[in-house]
Amino acid sequence: MSTRLATGGRFLNRGRQVTFRFNGKYLKGFEGDTLASALLANDQMLMGRSFKYHRPRGVVASGAEEPNALVGLGKGARFEPNQRVTTTELFDGLQAESQNHWPSLDYDIGAVNTYLSRFLPAGFYYKMFLYPRAFWKHVYEPFIRMSAGLGKAPKDADADRYEHFNAAVDVLVIGGGVAGLQAALVAGRAGARVLVVEQTAHWGGRALVDGGTVDGQPVDTWIATVVSELETMSNVTLRLRCMGAGVYDHGYVLGYERLRDHAPDMDGPRHRLWKIRARQIVTATGAIERPLSFAGNDVPGVMLAGAVRDYAVNWGVSIGDRVVIATNNDDAYRTAITLKAMGLHVPVILDARAGGGGALADQARALGIRVENGKAIAKVKGGKRVTGVAICAQAGEGAVLEEIACDAVAMSGGWSPVVHLWSHCGGKLIWDADQAMFRPDPDRAPTGADGGAMVIAAGAANGALDLGAALADAHQAGKAAATATGHATKPGQAPKAEDVAQAPIAPVWMMPQGASYALRAKSWLDFQNDVKVSDVQLAAQEGFTSVEHAKRYTTLGMATDQGKLSNINGLATLAKSLNTDIPSVGTTTFRPPYTPISMGAIAGEARGDIFQPLRRTPLHDWHATNGAFWEPVGHWRRPYCYLRPGESQHDAVAREVKQTRASLGLLDASTLGKLVVKGPDAGRFLDMLYTNMMSTLPVGKCRYGLMCSENGFLIDDGVVARMSEDTWLCHTTTGGADRIHAHMEEWLQTEWWDWQVYVANVTEQYAQFAVVGPNARKVLEKLGGMDVSKDTLPFMQWAEGTLAGIPARVFRISFSGELSYEIAVPASHGRPFWERLMAEGAEFGAMPYGTEALHVMRAEKGFIMIGDETDGTVIPQDLGLGWAISKKKADYIGKRGQERSHMVDPNRWQLVGLETLDGSTLPDGAYALADGTNANGQRKTQGRVTSTYYSPTLGRGIAMGLVLNGPARMGEVISFGKTDGTDVKARIVDQVFYDKDGEKQNV
Amino acid sequence: MSEPFSALNGASFQGLVTLRDCGPTGMITLRGDLAAPAMAQALDKVMGLPLPAPRRIVAQADGTRQVAWMSPDELLLILPYEQVADALAAVDAALAGTHHLAENVSDARALIAVTGPDAAMREVLAKLAPVDLHPDHFPQGEIRRTRLAQVAAAFWITQAGQAHVICFRSVAHYVFDLLSAAADPAAAVEYFG
């Protein structure tokens, strides 16, 4: 039985009872409990099932390292799987469900796997699922999918909000135990900007449980004094419930602050991701206790000795009346002494060291506790709960000397410094054989932008496990961090603490040392993923000698806890199997985050309306209130068409096209890119950027131009207008505005840095509208202010003036084949100007038209569209645009690319028009079929559709496509394959379907 | 001529800080050789202000005219909306014969004032921009071209407890919504004091 003790529990507020639910059952705890301590207080030791064998699992640790006790937390839109009960603070109304079992936690069918365990060895998946091949899809994959994963994925959208916060500090201290506090104190007193983050809800770390005196006062008094001094410093910030999640290049650190996990009814964001830029980082992250590898070490009730002590001291919870202790070091004696002082029984301490322990062992003996040196656990008895242990000699093979009844086992295999954050960005480790641990190598710290060390490990995280040693180490770390950031430290000694003399730890990687196969096959290394000593040995035997390979082959350390408990034991086992030493096996790579962080915290504010920027033209709201059916174009939203009540999109597009061709249509073209290029070398620059000549364009005229990449592929097109002697205005595609601006700047900054050219992106300065149709001129004349007649403003010219009292540039250009003007007015006047156009155009039936009508009309005219006719593999020559490529110029970007053999291959597919014989509209992207099949048995092709529309003007489908030798095959009928397996016949025709001579636009 | 519409059309929001659309504001992008004496003379003549140092912004006492350093060859002139045409002509005249570019970008931008307790104002911006907003590091007179979440923006502190944010016109609503979310009264960080 685990139960709540009558007294004790320094985190508890016994005055405030809290009700929560576990697997539907109502239970009670106290304010200050974790879910783990509250479950234990209710004798709920069984908390989950392991991944592979579905073995019963109880809590084994008391902190972030917990591998076993994971639950699904919350309901509906607040459900989250795989939450560690040890780091979940209890609150009123908490709901938790255990995981990975069916039908119930107590009776799990999947537990049959444990009896099949000899058939499920390391690498089982790799070995089993290879053959027969046909089984993969129908047998193996469904089986693996069914058994994969621990918790269930949430089904509903997350109800909570999240945010980011950027902070820059001189010194970031990760960990708020005594070492972190001391380092912060030294750096803070020196005047450095300091941020201290602590992942739990309490300052002081383990020191409060382990006790001791600092400078003559109890350690808890010392901690309270230091925290209150730090709180008064304006240059120091303290954050609880904030974990240092990852250390990255140049002192960039992610902090994960859990604001409302303990109080979900509070307003505000749930988590905050801190993006910290620190000049120096002190990792005071403490140490994690290692399990011992003995048979049955996974039975619920076997826990880490430090955790047993934590539950007793912090939460007043006893995990059993009779606790057997197994250890290879002195620290576990503290657990025995603590339990004894609380009136609980410790039947025996099994110390694997033949020589036994030091002063703490003497103290335990003096309390009347039986201590057996050189003894080990042969096996733990019990299934869902410990019922006893069989004792053997550590030196032997496991012959049982004695059986002792007990309710729990507290084990300690020594302590491993938490080196994760030190290691994230390249900090190296050394194997400290005396302490049997990897600890940071101070000579090989992670380095920052200046090449100097940017991380300093302090306290237990640096291998200084004892209180006095940790404080002295942290004092130095604080000084070093302050000095490195240019702050002179105040004189002062490290606080003094008396450390108890301890006997050295003995490395014990297997218990007993000569354990038989049967025992090794029940000695767990990775509790969550069910990796045992025998599995790692098998991996070594099968040739997986690299620790990284052995990890992936056995899944050791690949569970959600990322091997916090299992790694060192696993690699020690591997080293022994390979008959080598631990440092030459090395560790696996430590990667951020330290423990899993929520996806919401990573996304931050980016959800709902602010998931992505939505770019709006000055007419956005007008479009919205006038029936716009939106189409995303980059981050813009543009009307695809304007729907009238009861109208389909198809009908709306047809109506818009017909109206525009017959009378007057208006288009919001504001998203079109507008780049001003100015300077003495601007003409020369544009001649390099465009395939044709721009330097010769007279002031006041417009010219269509093509831009290619260095490889010759078409990347953008648009109309260029010469504004003045040294200034050009380049129109780009909507998607090209930022990209082409960057393209221009790149060439100017990297290649032609000595050319005198400036570029400015003025895309958003102007609202730009196309006024299109036979009545376009009439409506502009009604607005008044400029002469837009054929003679004054002919096709492909522009003029500046005032229209309807608003300053305007009028470009006489056409993408529709109709009489057309594009008018640019200051964006702030865009909407009034548009409304005037609509009002004055009413007598001509003026209608706004959307992007689809725009596309249809340009396709009827055979105009190409970047992104339809081009896909990054198309050169202008493929599109019959040779006329837009200057033969006179010595060079332009893409010229050499276009001369390469593959680019001048006469068999490149060429642009043609396509007309189906039955008048239907070809499917977009359909391939033109050729005879025969290729080496893969696929049908050969001879072309593809690039644009295809129903033309309301012609009453039939029209298309453009790239076809092998297309222009030479006019009139030929070819077939296009459809996705339903049938095909459709189309005739190769000229791509200009409408007004071939351009009479309509030139009036 | 119709009255100009700013993208946010007078929007405001109240939370940890107050957000306010500053309305149509004159802005001129000026590119040229910042080290040339003609540049300093032009600024003095047109704006009555000196050349700002890198990452700095200079302002007239009443705040109506400001010049911000934007890059090694780019400045932003800020002035009343209706004065832009004259100022552009004056800049072009003052820099005639030297290679430069001056463009009216008044309508291409949005200007938002973030007002409130100084610490809260810094905190709201620090949620969205990778900038050290500590008062020692980002005092009045500094300007940062940076990003707010996913879009380009710039901001500077006009006086204790007030920052001005500029962004592109098309994303004005996005930026306003971002700042509003960051200014949620329940989301105070309490980091800057």
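**Helices, strands and the chain contact**

Colleague: Is the crossing of helix 23 of chain A and helix 24 of chain A left-handed or right-handed?

Modeller: First, this is a predicted model: local features need pLDDT of at least 70 and side-chain atom pairs count only at pLDDT 80 or more, while totals for chains, interfaces and linings use all residues. Residues are numbered from 1 along each chain as its sequence is written, with chains lettered from A and ligands numbered from 1 in the order in which they are written. A crossing is left-handed if the near helix is turned anticlockwise from the far one by less than a right angle, and right-handed if clockwise. For helix 23 of chain A and helix 24 of chain A, the crossing is right-handed.

Colleague: Are helix 23 of chain A and helix 24 of chain A roughly parallel or roughly perpendicular?

Modeller: Axes are lines fitted to C-alpha atoms, for helices over the stretch in contact, and angles run from 0 to 180 degrees between N-to-C directions. Helix 23 (residues 776-783) of chain A packs on helix 24 of chain A at about 115°, with the axes 9 Å apart. Angles under 35 degrees count as roughly parallel, over 145 as roughly antiparallel, 65 to 115 as roughly perpendicular and the rest as oblique. The pair is therefore roughly perpendicular.

Colleague: Which residues of helix 24 of chain A make that contact?

Modeller: Two residues are in contact if their C-beta atoms, placed from the backbone, lie within 7 Å. From helix 23 of chain A come V779(A), K782(A) and L783(A). Helix 24 of chain A brings R836(A), L837(A), E840(A) and G841(A).

Colleague: At what angle does helix 8 of chain A pack on helix 9 of chain A?

Modeller: Helix 8 (residues 305-315) of chain A passes helix 9 of chain A in a left-handed crossing. The axes are 8 Å apart, and the angle is about 30°. That makes the two helices roughly parallel, at about 30°.

Colleague: How many nonpolar residues does the contact of helix 8 of chain A with helix 9 of chain A have?

Modeller: Among the residues in this contact are V308(A) and A312(A) of helix 8 of chain A, and T335(A) and L339(A) of helix 9 of chain A. Ala, Val, Leu, Ile, Met, Phe, Trp, Tyr, Cys and Pro count as nonpolar, Asp, Glu, Lys and Arg as charged, and the others, Gly among them, as polar. The contact has 2 charged, 2 polar and 6 nonpolar residues.

Colleague: Why does Y333(A) count as buried?

Modeller: Y333(A) sits in helix 9 (residues 331-341) of chain A, and beyond four places in sequence it is in contact with I349(A), G357(A), L360(A), A361(A) and A364(A). A residue is buried if 20 or more other C-beta atoms lie within 10 Å of its own, exposed if 12 or fewer, and partly exposed in between, with C-beta atoms placed from the backbone. Y333(A) counts as buried because its C-beta neighbours inside 10 Å number 32.

Colleague: In which sense does strand 35 of chain A pair with strand 41 of chain A?

Modeller: Helices (H or I, at least four residues) and strands (E, at least two) are DSSP runs, numbered from the N terminus, and two strands pair if DSSP finds at least two bridges between them. With strand 45 (residues 847-848) of chain A, strand 35 of chain A has 2 bridges in the parallel sense, and G665(A) has M847(A) as its bridge partner. On strand 41 (residues 766-772) of chain A, V771(A) stands opposite L666(A). Here strand 35 of chain A forms 4 bridges, and the sense is antiparallel.

Colleague: Which residues of strand 35 of chain A point the opposite way from G665(A) and L667(A)?

Modeller: In a regular strand the side chains alternate between the two faces of the sheet. Strand 35 (residues 665-668) of chain A has G665(A) and L667(A) on one side, and all of its residues are buried. Pointing the other way are L666(A) and D668(A).

Colleague: What are the edge strands of the open sheet of 5 strands?

Modeller: This sheet of chain A has parallel pairing and the order 18-26-20-21-22. Within the sheet, strand 20 (residues 323-327) and strand 26 (residues 408-412) of chain A share 5 bridges. Each edge strand pairs on one side only, and these are strand 18 (302-304) and strand 22 (371-373) of chain A.

Colleague: Which element gives the most to the side of chain A that touches chain B?

Modeller: 40 residues of chain A are in contact with 40 residues of chain B. Elements giving two or more residues on the chain A side include strand 36 (673-678) and helix 24 (830-841) of chain A. With 6 residues, the biggest giver is strand 9 of chain A.
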